[in-house]
Amino acid sequence: SRVRSIGGLHIINYKQDCIYCDEEVQKAVNEMKHFQFVCNPFKDGCNMSENEVLNIVHHNTEGLISHLKSLKSTSLVKADIICLTETWLTESVHSCQVQLENFTVFRKDRPSLNEGSVRSRSPRGGVAVYVRDDYNFSEIAIPSDVSIECVALKLFAANMTLLILAIYRPPHMKNNVFLPNLVQLLQYLAFVERNYTVIVGDFNEDLLDKGNKSILSFLETKGFHQLIDAPTTVNGTLLDHIYASPGVVVVRSGVIQTFYSYHDAVYCTLHE
């Protein structure tokens with residue numbers, strides 16, 4: 001141990017046949033997903049200028065504090081709107097501790113465990129949305145009787161007004177609880193003036209599963225179109241969704257691999 005130079009390395013009773021690669025280890029290495037580094041997915045194959053498009057990203061970070069440095073090293077920070085779920089932030093964490101340069105952050109931390117809400121069964125959860133300072137925007141307060149972890153923003157782009165919702169549905173929250181709250185949320189936001197709506201988040205509903213997809217079905221009845229069609233987790237499930245309202249011009253959308261979370265990120269580029 002603690003060998004600092006080749007001259008300090010001494011191998012005694014060396015037996016070459018004792019050095020081998022375990023077959024199970026080799027099999028596991030072969031099955032590992034190849035990481036595809038993308039410098040800037042928002043420019044690939046797009047002939048439009050930056051002023052003509054709006055780039056929105058969603059990522060379940062599984063802890064923002066512990067993964068903030070990793071997040072800053074990725075292409076996600078090149079988006080205009082960065083929506084994060086499972087931030088695991090609490091009131092004791094000041095926004096300056098999770099600040100991204102040239103962005104303004106809006107947070108919805110999960111309430112403490114003693115507040116008796118359906119949102120408070122775990123100290124984790126939480127939603128944060130970062131908006132690039134180039135845009136005019138305003139946060140929309142969500143009524144306290146809507147039991148959904150959500151941040152709602154109204155963004156004023158060059159040629160449109162966009163309502164952006166970032167939502168986290170915990171896996172323990174049953175659809176017979178989540179869907180009525182989602183209905184109530186959309187009814188409340190129906191009075192917000194805007195051209196279009198984009199809803200992003202981790203809904204913990206696998207769209208690649210053959211079973212019932214009640215969240216997808218409900219939003220489709222409201223005219224929304226779900227943009228992501230590839231797995232978004234290590235286990236090959238599609239839990240992270242992007243829903244766009246009718247009329248939204250989607251230039252491209254897809255999945256961005258990450259290296260620090262169970263989830264990959266999802267994104268869409270809209271024509272302003």
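Which residue in E10 is the bridge partner of valine 198? The partner is alanine 244. The points below place that pair in the rest of the structure.

1. Overall make-up. The model is a predicted one. The protein has 272 residues, and 49% of them count as buried. Its secondary structure consists of four helices and 12 strands. Among contacts between residues at least 6 apart in sequence, 66% join residues at least 24 apart.

2. The sheet that holds E10. Six strands form an open sheet in the order E5-E6-E7-E8-E10-E9, and the pairing is mixed.

3. The E6-E7 pair. Strand E6 (residues 149-156) runs antiparallel to E7, and eight bridges join the two. Within this pairing, leucine 155 stands opposite leucine 162 in E7.

4. Strand E10 and its partners. E10 pairs in the antiparallel sense with strand E8 (residues 196-202) over five bridges. With strand E9 (residues 225-226), E10 pairs over two bridges, again in the antiparallel sense. Alanine 244 takes part on both sides: it is the bridge partner of valine 198, and histidine 225 stands opposite it.

5. Burial of E10. Strand E10 covers residues 240-244, and five of its five residues are buried. In a regular strand, side chains alternate between the two faces of the sheet. In E10, Asp240, Ile242 and Ala244 point one way, while His241 and Tyr243 point the other way. Both groups are buried.

6. Arginine 169. This residue is in the loop between strand E7 (161-168) and helix H3 (175-189). Is arginine 169 buried or exposed? Arginine 169 is buried, yet has no salt bridge. Glutamate 205 is the nearest side chain of opposite charge, at 5.4 Å; a salt bridge would need a side-chain nitrogen within 4 Å of a carboxyl oxygen. A polar atom of the arginine 169 side chain does lie 2.9 Å from the backbone oxygen of phenylalanine 203. Leaving aside residues up to four places away in sequence, arginine 169 touches several residues, including Phe178, Asp202, Phe203, Asn204, Glu205 and Ile215.

7. The other six-stranded sheet. An open sheet with mixed pairing has its six strands in the order E3-E4-E2-E1-E12-E11. Its edge strands are strand E3 (103-108) and strand E11 (250-256), each of which pairs on one side only. On average, neighbouring strands of this sheet are turned by 15° against each other, direction ignored.

8. E3 pairs with strand E4 (residues 127-132) over six bridges in the antiparallel sense. Valine 105 stands opposite tyrosine 130 in E4. Helix H2 (residues 64-72) has Leu64, His67, Leu68, Ser70 and Leu71 buried. The buried residues of H2 pack against E4 and against strand E2 (81-85).

Notes
Residues numbered from 1 in each chain as written. Predicted model: local features only at pLDDT ≥ 70, side-chain atom pairs only at ≥ 80, totals over all residues. Heavy atoms only, no water. Pairing = 2+ DSSP bridges. Axes fitted to C-alpha atoms, helices over the stretch in contact; angles between N-to-C directions. Buried < 20%, exposed > 50% of the residue type's maximum accessible area, 1.4 Å probe, protein only. Lys, Arg positive; Asp, Glu negative; His and termini not counted. Polar contact = N/O pair within 3.5 Å; in protein donor to acceptor, adjacent residues only side chain to side chain. Contact = heavy atoms within 4.5 Å.
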